[in-house]
Amino acid sequence: FTAVAPVVGPAGRVAGAIEIVAPVDRAFVRDLATLTGAEISIVTASGQSVHSEDGTPPTMAELTADPAAAETPVDLTIGGERYLSMVLPLHASGGASLGLMYVGVEYDEIVMEQRAAQREVLTATAIVLAIGLVIAAGLGVLFTRPVTALVRSARRIQENDLQSPVPRVGPRELRALGAAMDEMRVAILEARENLVGANANL
């Protein structure tokens, strides 16, 4: 395996090149597989192959079974296992075909990762939902109790119980409503006492 990287000077001009030559052996292919997190195989045009995993490497026939694999990832069956695969052609510097590089991930691994991600999403959703329900219940109690107390006071006033004060509890708006209702209760009580007093004088 040969790679050439240009060395660019400060003015942006190419000052030279670095050439890296590495044997395409099992150690090289395993390092490449470790970097990508996928299975890697290199199959030469003559049929020789180097595979990153133990077991039978894919054959040239398996790798070229779906021509679309050279353009986009496809579903290939290799050695009886399903893989999401991409097959990349390898060319010499003169353009001659050297073979193919296969990159594949087993579907079982993809499904396991997908299920793990779904579990994480479902767990997070359940936690958010539970927190939302607790907050909703808390807010419900926070607003329901003061409103219920005001409704009871209004009913007592309706039943001519003008001696019981109206509670001033809850958020600011409900406390203001309670104060207004209590002022109304006191005004009704005073008007009734004035009326009773006026009737007694008759």
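This is a predicted model: local features need pLDDT of at least 70, side-chain atom pairs count only at pLDDT 80 or more; totals for chains, interfaces and linings use all residues.
Buried means under 20% relative accessible area, exposed means over 50%, and partly exposed covers what lies in between, with a 1.4 Å probe and protein chains only. Residues are numbered from 1 along each chain as its sequence is written, and side-chain values use heavy atoms, with hydrogens and water left out.

**View 1. The protein is built from four helices and seven strands.** Helices (H or I, at least four residues) and strands (E, at least two) are DSSP runs, numbered from the N terminus. Reading from that end, the order of elements is β-β-α-β-β-α-β-β-β-α-α.

**View 2. Strand S3 (residues 39–44) pairs with S7 through six bridges and with S4 through three.** Two strands are said to pair if DSSP finds at least two bridges between them. S3 and strand S7 (residues 97–106) run antiparallel, and here Glu-39 has Gly-104 of S7 as its bridge partner. The pairing of S3 with strand S4 (residues 49–51) is antiparallel as well, and there Ile-42 stands opposite Val-50. How enclosed is strand S3 by the rest of the structure? Five of its six residues are buried, so S3 is largely enclosed.

**View 3. A patch of negative charge gathers Glu-53, Glu-81, Asp-108, Glu-109 and Glu-113 on the surface.** Patches are made of residues with over 30% relative accessible area and no salt bridge; like charges are joined within 9 Å, and nonpolar side chains (Val, Leu, Ile, Met, Phe, Trp, Tyr) within 5 Å. Lys and Arg count as positive and Asp and Glu as negative, while His and the chain ends are not counted. The place of a charge is taken as NZ of Lys, CZ of Arg, CG of Asp or CD of Glu. Which element gives the largest share of the negative patch? Helix H3 (residues 107–158) does, with three residues. Glu-113 is found in this helix and is exposed, with a relative accessible area of 57%.

**View 4. A nonpolar patch on the surface is formed by Ile-127, Ile-131, Ile-135, Leu-139, Leu-142 and Phe-143.** Together these side chains have about 560 Å² of accessible area. Such areas come from the Shrake-Rupley method with a 1.4 Å probe, and for residues only the protein chains shown count as cover. Ile-127 belongs to helix H3; this residue is partly exposed, at 48% relative accessible area.

**View 5. Asn-160, in the loop between H3 and H4, has a positive phi of about 70° although it is not a glycine.** Asn-160 counts as exposed, at 53% relative accessibility. Ile-188 counts as partly exposed, at 37% relative accessibility. The C-alpha atoms of Ile-188 and Asn-160 are 9.5 Å apart in space, while the two residues are 28 apart in sequence.

**View 6. Arg-168, Asp-182 and Arg-185 are linked in a network of salt bridges.** A salt bridge is a side-chain nitrogen of Lys or Arg within 4 Å of a carboxyl oxygen of Asp or Glu. The side chains of Arg-168 and Asp-182 meet in one of these, at 3.4 Å from N to O. Arg-168 lies in the loop between H3 and H4 and Asp-182 in helix H4, so the pair ties together parts that are 14 residues apart in sequence. Arg-168 is partly exposed at 46% relative accessibility, whereas Asp-182 is buried at 10%. Asp-182 also forms a salt bridge with Arg-185, with the closest N and O atoms 2.8 Å apart. Asp-182 and Arg-185 are three residues apart in helix H4, and therefore separated by about one helical turn. Arg-185, too, is buried.

**View 7. Arg-172 and Glu-173 form a salt bridge.** Their closest N and O atoms are 3.9 Å apart. Is this pair buried or exposed? Both Glu-173 and Arg-172 are exposed. How many salt bridges does a search of the whole structure find? The search finds four.
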